[in-house]
Amino acid sequence: MSLCAAQRVFDGIVAQLHSLSQVGAPSEDGERAYERAFYILESLAQYKSAVLVVELSGADDGYAQLVSLVEAVLDPLREGHSGKVTSLAVDVVLACLEELPSPPWELSQALLRRVLPEYEEDHPVGWDAALEIVRRAAPSFQTALVSIATSVLVSGGETSGSASGDFSFQAFGSLLLNLAAQGCGSLLLPIVPRLEAELLVDDPAVRVRAVGLLGDLFSEETPSDRGTVPLALQYELSLIHI
C-alpha cells in the first residue's frame with residue numbers, strides 16, 4: 001500500500017470514529033455510521049492497535065496523527081452511550097500511552113486540556129473519560145505537567161518560555177484541582193515547591209493567586225468522591241515556610 005493510500009485509510013478511520021456521536025440517531029444512515037464506528041473502536045481496543053494504525057499511515061508528523069485519533073475517540077462520546085463504549089474509548093487511549101516510551105507533549109497536552117472545565121461543558125462524557133485516563137496513567141503525565149507549571153508559574157521573578165500549550169494560570173489551577181479531586185496527588189507533589197516560589201516573589205498579585213490556589217487545593221471542601229487531598233501532599237505543604 002502506498003503512503004498516500006495509507007493516509008487515506010487513516011483519515012477514513014478517524015472520520016468513521018467521529019460517527020460515534022450518532023448514538024441514537026433516528027435515521028438508518030446514522031445508525032449504520034454509529035455501528036461502523038463502534039466496530040472500529042472495539043477493534044482498536046481489543047488489539048491495542050491505535051499506535052500501529054498511526055505508524056502505518058506513514059505521516060511525517062505521527063504525533064499530530066495520534067492526537068487526531070485520540071480526539072476522534074474521546075470527543076464524540078455522548079450521554080446515551082453505554083458504559084462499554086466509554087470503557088473502550090478509555091482502553092484505546094491507555095493502550096497508546098502504554099505503547100509509547102513516553103507520551104509526546106502533543107498527546108499529553110491534548111489529554112490534559114480535556115480535564116479542564118471548559119471541555120466538560122461541551123463534552124461531559126469525554127471529560128469523565130479523560131479524567132479516568134489521567135488518573136489511571138498518572139505517571140505518564142508528570143513531565144508534561146511540570147513543563148506547564150514551569151511556563152505558567154513564576155520562577156525567580158521571571159516566567160519561563162517553555163511550551164505550556166498556552167495554559168493560563170486559571171486553567172492551570174483548574175487542572176490541578178481536578179487532578180486533586182481524582183486522587184492524583186502524586187502528580188501534584190513536584191508542583192507544590194514551584195508554588196512556593198510564587199509565594200516569595202515581589203509582585204503581591206502573584207503571591208495572592210498562589211495563596212488562593214494552595215487554599216483551594218488543600219481545602220476540606222475540594223470536591224471529590226475520592227476523599228481529600230492525599231496526606232503525602234499535605235506533608236509537602238507543611239515543608240513550605242512562609
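1. Let's start with burial. In this predicted model, buried residues account for 48% of the 242 residues in the chain. The accessible surface of the chain is about 12,000 Å², and carbon and sulfur atoms contribute 52% of that surface.

2. Next, the overall make-up. The chain contains 14 helices and 2 strands. If you count contacts between residues at least 6 apart in sequence, 67% of them link residues at least 24 apart.

3. Which residues of helix 3 are buried? Within residues 50-57, they are Ala50, Val51, Val53, Val54 and Ser57.

4. Now turn to the opposite face of helix 3. Glu55 and Leu56 are exposed, and they sit on the face turned away from the buried side. After helix 3 comes Gly58, which has a positive phi near 70 degrees.

5. Where is Lys48 found? It belongs to the loop between helix 2 (28-47) and helix 3. Lys48 is not a glycine, yet its phi is positive, at about 50 degrees.

6. Two packed helices are described by the angle between their axes and the distance between the axes. Helix 9 spans residues 142-152 and helix 10 spans residues 169-181; their axes come within 10 Å and cross at roughly 145 degrees. The crossing of helix 9 past helix 10 is left-handed.

7. Which residues make the contact between helix 9 and helix 10? Helix 9 supplies Leu145, Ile148, Ala149 and Val152, while helix 10 supplies Phe169, Phe172, Leu175, Leu176 and Leu179. By type, the residues of this contact are 9 nonpolar, no polar and no charged.

8. Finally, a stop at Val211. This residue is part of helix 13, which covers residues 204-217. Is Val211 buried or partly exposed? With a relative accessibility of 48%, Val211 counts as partly exposed. Leu199 lies 12 residues from Val211 along the chain, and the C-alpha atoms of the two are 7.1 Å apart.

Key:
Residues numbered from 1 in each chain as written. Predicted model: local features only at pLDDT ≥ 70, side-chain atom pairs only at ≥ 80, totals over all residues. Heavy atoms only, no water. Helix = DSSP H or I, 4+ residues; strand = E, 2+ residues; numbered from the N terminus. Buried < 20%, exposed > 50% of the residue type's maximum accessible area, 1.4 Å probe, protein only. Contact = heavy atoms within 4.5 Å. Areas by Shrake-Rupley, 256 points an atom, 1.4 Å probe, with all protein chains shown as cover. Axes fitted to C-alpha atoms, helices over the stretch in contact; angles between N-to-C directions. Left-handed = near helix turned anticlockwise from the far one by under 90°. Nonpolar A, V, L, I, M, F, W, Y, C, P; charged D, E, K, R; others polar.
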